[in-house]
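Let's take a friendly walk through this structure, one piece at a time. Have the sequence and the 3D view ready as you read.

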Amino acid sequence: MAGILLVEDDPSVRTALELALTRQGHSVTSYATGEEALDHIRARRPEIAILDVMLPGIDGVEVCRRIRKLDQLPVILLTARGDDLDVVVGLEAGADDYVVKPVEPRVLDARIRAVLRRAESAASDRITFGDLVIDRGALKVTLAGKEIHLTPTELRLLLELVRHPGQVLNRRYLLRAVWDHTHIADSRLVDACVQRIRAKIEPKPAEPVFIHTVRGFGYRFSPP
């Protein structure tokens, strides 16, 4: 059972999702606005937040940005079909996954469980690549002695790349390994997550030295 924060301004959708997720065994607290959601997180941190992109006042993407400034809480966005820009902006803001409306409760439940598995998974070894140190047991990454804060999804993707140093991993493989997705159209999840990791661990994100793009294929972790 997961403690879920659901933020959806449409009362009928909010009620239907809350009931469906409760039937799946989750504990759900729901709100209609981003302001209420942020107040709740400050008072009582949930295990995962599900945010509708289109909210009155503070929208879901801005809520995600504010969460990321303080916390690595897993976040899933709910977005309208065809709103690719919303998806891209949301992923760049730090969202771990997204689900397209109208939402199928079983699909949402599967995505929730997958994101939480990523948040919980860890191995008990320490990996060092020059100044970059990854402690998989402690789920901690440091660069030149400074701790780097990664979301669970960012950490899972980095660990997957690190497991295959020097090898090119295509987007389809990474989608399956990190997100449990099989639809290649979701490859923007990979690209956005790589960009966020680069912004955190690369000395010059535009000139990466750890995670390299192999055009037409995918990504390769090649530490200096």
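In this predicted model, the buried residues of helix H2 are covered by strand E1 (3-7), strand E2 (27-31) and helix H3 (60-70), among others. Which residues of H2 are the buried ones? Within this helix, which spans residues 34-43, they are Gly-34, Ala-37, Leu-38, His-40 and Ile-41. These residues lie on the same side of H2, because the arc they cover around the axis is only 160 degrees. Now turn to the face of H2 that points away from this buried side: here you will find the exposed residues Arg-42 and Ala-43.

H2 lies across E1 and E2, and its direction makes an angle of about 160 degrees with E1.

From there you can follow the strands into their sheet. In general, the strands of a sheet pair through backbone hydrogen bonds, in either a parallel or an antiparallel way. Here the sheet is open and has five strands in the order E2-E1-E3-E4-E5, with parallel pairing. At its edges stand E2 and strand E5 (97-101); each has a single partner strand, so one side of each has no neighbour in the sheet. From one strand to the next, the twist averages 20 degrees.

To finish, zoom in on one pair of strands. Strand E4, residues 75-80, runs parallel to E5, and five bridges join the two. Find Ile-76 here, and you will see Asp-97 of E5 standing opposite.

How values were computed
Residues are numbered from 1 along each chain as its sequence is written. This is a predicted model: local features need pLDDT of at least 70, side-chain atom pairs count only at pLDDT 80 or more; totals for chains, interfaces and linings use all residues. Side-chain values use heavy atoms; hydrogens and water are left out. Buried means under 20% relative accessible area, exposed over 50%, partly exposed in between (1.4 Å probe, protein chains only). Helices (H or I, at least four residues) and strands (E, at least two) are DSSP runs, numbered from the N terminus. The arc is that of the directions from the helix axis to the C-beta atoms. Contact means heavy atoms within 4.5 Å. Two strands pair if DSSP finds at least two bridges between them. Axes are lines fitted to C-alpha atoms, for helices over the stretch in contact, and angles run from 0 to 180 degrees between N-to-C directions.
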